[in-house]
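Hello,

Here is the structure I promised to hand over. Please look through it first, then read my notes below.

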Amino acid sequence: MNAGREEGRRERKKRLTRQAISDTAMRLFAERGFDAVTIAEIAEAADVAEKTVYNYFPSKSDLFFDEGDALLDEFLFAVRHRPPGQPALDAMQGFVAGLAEWAAHRRPVRPTAGFRQLIADSPALRAARRQMFARYEAALADLLATETAAPPGSVEPFVAAVALIAVLRVPFEVTIAGAEAAHRDTATALRLLHAGLAHYATAPDERGSPEPGQLDLGLR
């Protein structure tokens, strides 16, 4: 038997099991609310053991934000591999523009009105959302600090990272009526950043020289 093919089958089975558990959990959350559903009930509905659920999802909130780590990986990849001469803000804008297509190939887009209402109704989900985006901010700040050769303790990479990640937070936190409004509000967020971050963290040129990591905040 081909070992590589067998490995592929096992991985596919794991992926399908993970997706089935996640989809079952989201259905139950939508029906009854996040806090009212237990891991035991999710396991029973998905026809798996509780241990199996925990093997894929260490906490119940991980079932809800199950694409969070994948989204962060894709975003950091887009920033890290942006073309020479392109600022980090432009990389963010390009990533956001392609986000719907990326999500469509993975799972139905979840930041809908119902999705946001579930978060609003659950203190546990609101806390998990804050923790998720704090991880995003820290990871992006580290990347920007490296790219701009910022001295240890520099505030610019952190401030820039928080501002850029705020664009990703819009569909999760702002009350938006429909996809058209979501696009409009995200575009508004990007416009607000262009004045202050338009040239920050520009990708090194072919000589490998990073742009200075400085922000003009208009303070005089």
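**What I found**

Serine 61 touches Phe34, Leu125 and Ala128, leaving aside residues up to four places away in sequence. Contact here means heavy atoms within 4.5 Å. The side chain of serine 61 also joins that of serine 59 in a polar contact of 3.0 Å. A polar contact is a pair of N or O atoms within 3.5 Å; within protein, one must be able to donate a hydrogen and the other to accept it, and residues adjacent in sequence count only if both atoms are side-chain atoms. Serine 61 sits in helix H4 (residues 60–64). Its relative accessibility is 18%, so serine 61 counts as buried. The classes are: buried under 20% relative accessible area, exposed over 50%, partly exposed in between (1.4 Å probe, protein chains only).

A word on the source. This is a predicted model: local features need pLDDT of at least 70, side-chain atom pairs count only at pLDDT 80 or more, and totals for chains, interfaces and linings use all residues. Residues are numbered from 1 along each chain as its sequence is written, and side-chain values use heavy atoms, with hydrogens and water left out.

**The chain as a whole**

The chain has 11 helices and 0 strands. Helices (H or I, at least four residues) and strands (E, at least two) are DSSP runs, numbered from the N terminus. Of the 220 residues, 38% count as buried. Take the contacts with a separation of 6 or more: residues 24 or more positions apart account for 72% of them. The accessible surface comes to about 12,700 Å², and 55% of that belongs to carbon and sulfur atoms. Areas come from the Shrake-Rupley method with a 1.4 Å probe; for residues, only the protein chains shown count as cover.

Helix H5 (residues 68–80) has 13 residues. From first C-alpha to last it reaches 18 Å, close to the 18 Å expected at 1.5 Å a residue. The expected span is 1.5 Å times one less than the number of residues. The buried residues of H5 are Gly68, Ala70, Leu71, Leu72, Phe75, Leu76 and Val79.

**Salt bridges**

How many salt bridges are there? The count comes to 7. The rule asks for a side-chain nitrogen of Lys or Arg within 4 Å of a carboxyl oxygen of Asp or Glu. Three of them follow.

- Arginine 18 pairs with aspartate 66, with the closest N and O atoms 4.0 Å apart. Arginine 18 lies in helix H1 (residues 3–32) and aspartate 66 in the loop between H4 and H5, so the pair ties together parts 48 residues apart in sequence. Aspartate 66 is buried at 7%; arginine 18 is partly exposed at 27%.
- Arginine 27 pairs with glutamate 31 at 3.5 Å. Both are in helix H1, 4 residues apart, so about one helical turn separates them. Arginine 27 is partly exposed at 40%, and glutamate 31 is exposed at 53%.
- Glutamate 137 meets arginine 169 at 3.6 Å, N to O. This pair links distant parts of the chain, 32 residues apart: glutamate 137 is in helix H9 (residues 123–147), arginine 169 in helix H10. Glutamate 137 is buried at 11%; arginine 169 is partly exposed at 21%.

**A surface patch**

Val155, Phe158 and Val159 make a nonpolar surface patch of about 260 Å². Patches are made of residues with over 30% relative accessible area and no salt bridge: like charges are joined within 9 Å, nonpolar side chains (Val, Leu, Ile, Met, Phe, Trp, Tyr) within 5 Å. Valine 159 lies in helix H10 (residues 156–173). Valine 159 is partly exposed, at 37%.

Best wishes
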